[in-house]
Amino acid sequence: MSWGMLFLQTITNGLLIGAVYALIALGLNVIYGVMDFINFAHGEFIMLSMYATYFMFVLLGWDPLLSLPISMLMLFGLGAISEIFLVKPILGERMVIQVFTTYGLLLFLRNIATFFWSSTWRTLPTSYSDVVLSLGEIRISLGYALSSLVALIFTIGLYMFFKKTDTGIAIRATSQDRETAKLMGVDVNKIYMLTFGLGSACAGVAGVLLTLVYPIQPEVGEIFCVLSFVICVVGGMGNFMGAILGGFLIGLTESLAGFLVAPAYKHIIVFIVFIITLLIRPKGLMGK
Amino acid sequence: MKLLDVDNVTKNFKGLVAVKNFSFELEKGKLLGIIGPNGAGKTTLFNLITGFYPVDSGTITFKGEDITNLKPHEICRKGIARTFQIPKPLGAISVLDNIMIGAFNRVTSTSKARKIAEESISLVALSQYGSVKANKLPVAFQKTLAIASSLATQPKLLLLDEPFAGLSPTDTERTLITVDNIRKTGVTIILIEHLMRIIMKVADRIVVMHHGEKISEGKPEEVAGDPKVIKAYLGEKYALRK
Amino acid sequence: MLRIKMLRSSLKSKQLELLLMTLIALCIAPLMSKSTYFLHVMIMIFFFAFANNAWNILSGYVGLVSFGHGAFLGLGAYTSTLLLLNFGVSPWIGMIAGVILTSIVAAALFLPLLKLSGHFFALSTIAVREIIRLVFEYTPYVGGAMGLTIPIIASSSLYYFQFSSKIPYYYIALTLLLVQILILYKMERSKVGYYFIAIRENEETAKALGVDVKRYKIIALVLSASFSAVIGTFYAQYFLYIHPNSTMGVLISVEMLLSAVIGGSGTLLGPVIGAFVLIPVETVCRVYLGGMWEGFHLVIYGILLISVSIFAPGGIYGKASGLLETLRSKWRKGK
């Protein structure tokens, strides 16, 4: 394979995983945009969804893509419940307290998962996870292709939801001006619950898709959570398009860094990109 | 003696002119009132003098020294203190501790800082609230606290941003006395105010701001009679009343 | 009035008495119990109290929440260990070298981040810590992912900071903690301490009152990092084995803040109280639940963290002193 082809292959891989990253970051960013709140347990939500998918596959034989709606709904519920019991009481509190509430949730979920499911790595062998498609010289694993396709579909769906539906418009209105939205008769409490649910559902869907390409482990949330923060900051905090742009960008950076430097160093380079962005464009590429 | 000289200062925000070719001088020991309708650029002017915003052009001279674009803490050290329109007290600590933060501007020892703070707190008649947490104070008293804290930095010039806005008649009266007491200590004051009635009472001179520009300056009675002022400022009020 | 004053002064002397008694108890404890396990738990309490106090300077007082303090602890541990292994330098000198090096690295890497506020600072500290950790993991000269083992050089030597018994470690840790608390006590009551809190409460107001916000953030950062480096050397000499994950990883970074947050961040005694609560919880979990429940104490920590955030935002110390205050005022009214 020529260097040029390898390079193209690298770009393709970056874009494919970037689509999933975008969806993860979108979940975090939607919550931040509307509620000015960061869910540190976002990665743990992904982890829970991965385990749900895994067990539905192993115990019931359900294919991840078929059980996807169930995982998504479960995570929506988990998000909504967390919002009611954990987030609502501390909204408007000092930042430190906001951070540590969801950080407590993170510790709880991660370690309860370790306790129940041990820290062994598990993989989910679907019938198609080993299939490789060839596009000329470029090879794409079917798992990656499917996960990135479904992630894209969900992203577009979410976009349409915000653009076209009344609820979506109400959420956007709340994100732009909470007080005015309240005056216009929007039930802000309900919007917050819905938003948190939706953001968590994104984590749910992303978790399902990640099982196709990534092994499952209780601590798997850590890297996805940090990566999604990075994506949001690079793309623009609270910005829908920012999360998508950032997702692809970080996917590409990761993959290119792995190719040009060494796979081991890919996260160092991603973090360096993150810090540089913070310093020269603290509001991100799409931030106002 | 000239204490402050603001010369031809201009500030833009993304193409919008907030303060335009603004100049004025201030004698030591005087109280200058700055009035003007909402959005006239009064607070921006304060932010320029105290270094919170850099100026685009022009110079600001304090005690014969160029202080243009110094950092806020450097300007505070030179002897200019300010309050904010909406008080932002250091909520988790006591009123006296708030004022001590100001006092540390001049001294390093905690006991000396406490002494200065105690002087400031009694000057603004807030002593009885000394040990109360600042965020437990009613907003009217938070405004008084802000004055006391900035006073504890031992300024030569004090900039008060709408200290009377939103106060009840009793609190207004109380604050008027406070301002008067501060004047008696020899501190020069610039005061932003919305209400003509109050500014007429306290100011030695008045500068009227409109759309970032100075449209009138003079003794209170001169300014009040200036047709430009009536049109720009009072005219708006009268129009509103009808 | 007089009675209240007397009451207050008697309360003060009661507090002092309590403090002295605690001190004496801590000093003679090793003589009473021969159990090495008890000593280990006490050492861990002192260790985490110290580490959380270090975190508390930057994050509790100044309000810049850091998830990256493991990097400072690790840098301290690695500096003294590498000096010891390669040049036979006493870890005590290595400790000083670690403080200097860590301060420089902290200033160089974290300084640009200080202007970030709130969530963004917290997030960026995760990234910086991870960069440092990964660099150590991929550098064979410093032991890579396997880390470094400190060989037994002497059975008991103050110069080499190595002892076969736990008792010297106990007294070293206790002394370090007491000295640190004394320094922090002075700090809290000085201009620096007041300025730290002013920055946390409102940066704009602080600036207007003459606080050089940037300068004091740097002071806090360097102080915080230095203390972390000191306890890093202690870690290395106590466990005689360090690797990037254990000294710079997520877990240690989180353990460097849990006691402070649960005990009461931004207060002098909060982190110490937190450590005295959390470490025994961990110990009980380990002893009674065994290896199968490995990490179960973290589940409890998580629950504690959530409960504290929602029900006692000032931590145990804040809640307790609040309760005491209401009791006192009720009692006073009753009189």
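How many of the 26 residues of H2(C) are buried? Select helix H2 (residues 36–61) of chain C to find out. This is a predicted model, in which local features need pLDDT of at least 70, side-chain atom pairs count only at pLDDT 80 or more, and totals for chains, interfaces and linings use all residues. Residues are numbered from 1 along each chain as its sequence is written, with chains lettered from A and ligands numbered from 1 in the order in which they are written.

**Stop one: H2(C)**

Helices here are DSSP runs (H or I, at least four residues), numbered from the N terminus. H2(C) is mostly covered, with 19 of its 26 residues buried (20 or more other C-beta atoms, placed from the backbone, within 10 Å of a residue's own). Now go to C:Trp55: a kink of about 40 degrees is centred there (the angle between axes fitted to the seven residues ending at a residue and the seven starting there). After H2(C) comes C:Gly63, with a positive phi near 85 degrees.

**Stop two: chain C against chain B**

Show both chains. The contact takes 17 residues from chain C and 22 from chain B (C-beta atoms, placed from the backbone, within 7 Å). On the chain C side, H7(C) gives the largest share, six residues.

**Stop three: two helices in chain A**

Select H3 (residues 64–87) and H8 (residues 188–210) of chain A: their axes come within 7 Å and cross at roughly 145 degrees (lines fitted to C-alpha atoms over the stretch in contact, with angles from 0 to 180 degrees between N-to-C directions).

Notes. The expected span of a helix is 1.5 Å times one less than its number of residues. A residue is buried if 20 or more other C-beta atoms lie within 10 Å of its own, exposed if 12 or fewer, and partly exposed in between; C-beta atoms are placed from the backbone. Two residues are in contact if their C-beta atoms, placed from the backbone, lie within 7 Å.
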